[in-house]
Amino acid sequence: MNVKKQYAVIGLGRFGGSICWTLSEQGQEVLAIDMDEDRVNEYTPIATHAVIADSTDETVLKSLGLRNFDHVIVAIGDNIQASTLTTLILKELGVEKVTAKAQNDYHEKVLRKIGADQVSHPERDMGTRIANNITSSSVLDYLELSDQHSIMEVIAGQKMDGQTLIDLDVRAKFGVNIVAIKEEGNINVSPRADQTVNDGDILIIIGADNDIDRFKNHMLDN
Ligand code: ATP
């Protein structure tokens with residue numbers, strides 16, 4: 001059974017707003033918070049609750065019961081002081097999971113230091129994704145797991161066609177794991193060692209970025 005979690009999104013700009021929309025569309029409980037009345041009004045019909053509040057005010061966050069939420073997203077970018085202070089208060093209140101949007105690397109460093117569980121860099125991540133798509137038509141999507149590790153969705157081409165995972169041996173050769181194979185709309189999330197990879201299959205791979213680069217250069221068509 002899919003247990004519903006309680007989410008709060010602080011800051012309803014494009015980033016926070018789209019998180020709020022998507023969670024609401026999925027039927028999740030979402031508390032939307034912004035200090036700007038117009039933004040809150042915009043999300044009143046979408047979120048479970050929408051409130052006008054300044055998230056740097058600890059008393060307000062306490063009175064909203066944020067400590068009981070499963071996951072709070074701090075989607076304030078421009079005002080770094082407000083973003084870091086909000087994150088700090090949330091962690092001090094004992095919120096289990098806080099995801100914060102970072103404006104730049106320094107901002108990210110501070111957010112991690114004060115306890116953000118996850119830091120998102122939407123502009124940078126989208127830039128990397130687009131660059132990967134531009135330079136290699138074999139790379140479909142990309143998710144950064146840490147500074148040095150990623151998950152990537154790639155298309156297997158001629159170089160891998162007809163070989164089993166044992167033949168390919170990418171873990172030993174490149175340090176990369178193939179965690180799932182999609183073929184003709186079906187996804188196999190625990191491929192067996194004797195599974196054959198065919199031209200056009202979509203592979204989900206995980207590994208260190210430099211290992212993934214070596215894998216891409218040697219095993220993908222372009
Ligand atoms: P985006 O890049 O996601 O579109 P933006 O450019 O609108 O965001 P940001 O500065 O990142 O601007 O702010 C996002 C939202 O966060 C704004 O709607 C702003 O009113 C809200 N916000 C900023 N500071 C606070 C705060 N202390 N408390 C609550 N909301 C805040």
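**Close-ups of a predicted model**

**View 1. Strand β13, tucked in.** Five of the seven residues of strand β13 (residues 202-208) are buried, so β13 is largely enclosed by the rest of the structure. Buried here means under 20% relative accessible area, with a 1.4 Å probe and protein chains only; strands are DSSP runs of E, at least two residues, and helices are runs of H or I, at least four, both numbered from the N terminus. This is a predicted model, so local features need pLDDT of at least 70 and side-chain atom pairs count only at pLDDT 80 or more, while totals for chains, interfaces and linings use all residues. Residues are numbered from 1 along each chain as its sequence is written, and side-chain values use heavy atoms, with hydrogens and water left out.

**View 2. The partners of β13.** Strand β8 (residues 149-155) runs antiparallel to β13, joined by seven bridges, and Met152 stands opposite Ile205. Strand β10 (residues 177-183) is antiparallel to β13 too, with five bridges; here Lys182 faces Ile202. Two strands count as paired if DSSP finds at least two bridges between them.

**View 3. The parallel sheet.** Six strands make an open sheet in the order β3-β2-β1-β4-β5-β6, with parallel pairing. At the edges sit β3 (49-52) and β6 (118-120), each pairing on one side only. Neighbouring strands are turned by 15° against each other on average, direction ignored; axes are lines fitted to C-alpha atoms, for helices over the stretch in contact, and angles run from 0 to 180 degrees between N-to-C directions. Three bridges tie β5 (residues 97-101) to β6, and Thr99 stands opposite Gln118.

**View 4. Helix α4 on the sheet.** Helix α4 (residues 80-93) packs on the sheet, touching β1 (6-10), β4 (71-74) and β5, and its direction makes about 175° with that of β5. Contact means heavy atoms within 4.5 Å. The buried residues of α4, including Ala82, Ile89, Leu90 and Leu93, pack against β1, α3 (58-63), β4, β5 and α5 (105-113). After α4 comes Gly94, whose phi is positive, near 100°.

**View 5. Around the ligand.** The ligand is surrounded by 19 residues, and the closest are Arg14, Phe15, Asp34, Arg39 and Gly77; a residue qualifies if one of its heavy atoms lies within 4 Å. A polar side-chain atom of Asp34 is 2.6 Å from a ligand oxygen atom, and a polar backbone atom of Phe15 lies 2.9 Å from an oxygen atom of the ligand. For Ser55, a backbone N or O atom is 3.0 Å from a ligand nitrogen atom.

How values were computed. Buried < 20%, exposed > 50% of the residue type's maximum accessible area, 1.4 Å probe, protein only. Polar contact = N/O pair within 3.5 Å; in protein donor to acceptor, adjacent residues only side chain to side chain.
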